[in-house]
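Hello,

Here is the structure for you to take over. My notes on rings, peptide bonds and one backbone angle follow below.

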Amino acid sequence: MLTVEVTEIFPCTPDELLDFVMDVERYALVDRKLRPVLWTRREGDLLEFAFRPRLVGLPAPKTVARARLTPGHRVDIELAPPPANRLTKLASDFDASFVCTPVEGGTRLVRTLNFRFRPPLSWLATPLLRRPLTADVQGEVRQAKEYIQRQKRTP
């Protein structure tokens with residue numbers, strides 16, 4: 001399994017950060033792995049969306065993900081169940097989370113991605129993708145923080 005975890009303090013409330021994450025079209029501005037977003041459907045705290053992911057610059061088939069919001073605390077993301085993601089699930093499985101904790105001056109975000117590649121792909125993909133994916137997620141979190149900071153300065 002390939003796990004990437006990045007922690008950062010954001011100058012906002014947990015709800016503000018989680019609202020940003022649940023607006024996947026807006027979040028895609030800071031997370032290039034999500035572009036392009038093809039469609040979104042949201043019912044309350046459940047968001048389903050389709051996108052054409054680029055994992056470390058490599059294109060992948062259309063993917064459908066589900067994001068579930070636990071207000072004020074976290075967003076959990078997983079691949080939608082069949083029949084969606086037939087091609088993607090042949091090679092791997094995926095889940096991710098954004099866990100928010102209020103701290104003095106803002107919110108501590110722990111951003112986690114977990115990839116489980118199927119053999120024999122796992123033997124190649126895990127060591128090959130670890131470093132560039134870690135850098136990509138660090139850049140995503142940095143850009144998300146910069147985006148939030150710009151929004152705070154703009155009335």
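**Aromatic rings**

Phe115 is buried, at 9% relative accessibility (buried means under 20% relative accessible area, with a 1.4 Å probe and protein chains only). Phe94 is buried too, at 18%.

Before the rest, the ground rules. This is a predicted model: local features need pLDDT of at least 70, side-chain atom pairs count only at pLDDT 80 or more, and totals for chains, interfaces and linings use all residues. Residues are numbered from 1 along each chain as its sequence is written, and side-chain values use heavy atoms, without hydrogens or water.

Rings of Phe, Tyr and Trp (its six-membered ring) pair if their centres lie within 6.5 Å; planes under 30 degrees apart are stacked, over 60 edge-to-face, the rest tilted. The count by this rule is six aromatic pairs. One of them is Phe94 with Phe115: tilted, 4.8 Å between centres, 45° between planes. Phe94 is in strand S8 (residues 92–103) and Phe115 in strand S9 (residues 106–117), 21 residues apart. Strands (E, at least two residues) and helices (H or I, at least four) are DSSP runs, numbered from the N terminus.

Ring pairs also link Phe20, Tyr27, Phe98 and Tyr147 into a cluster.

**Backbone**

Which peptide bonds are cis? One joins Arg35 and Pro36, with omega about -5°. Pro36 is in the loop between helix H2 (24–27) and strand S2 (37–43). Another runs from Pro82 to Pro83, omega near 15°. Pro83 lies between strand S7 (74–79) and helix H3 (86–91), in the loop.

Asn85 is in the loop between S7 and H3. Its phi is positive, near 65°. Asn85 is buried, at 5% relative accessibility.

Best wishes

How values were computed
Buried < 20%, exposed > 50% of the residue type's maximum accessible area, 1.4 Å probe, protein only.
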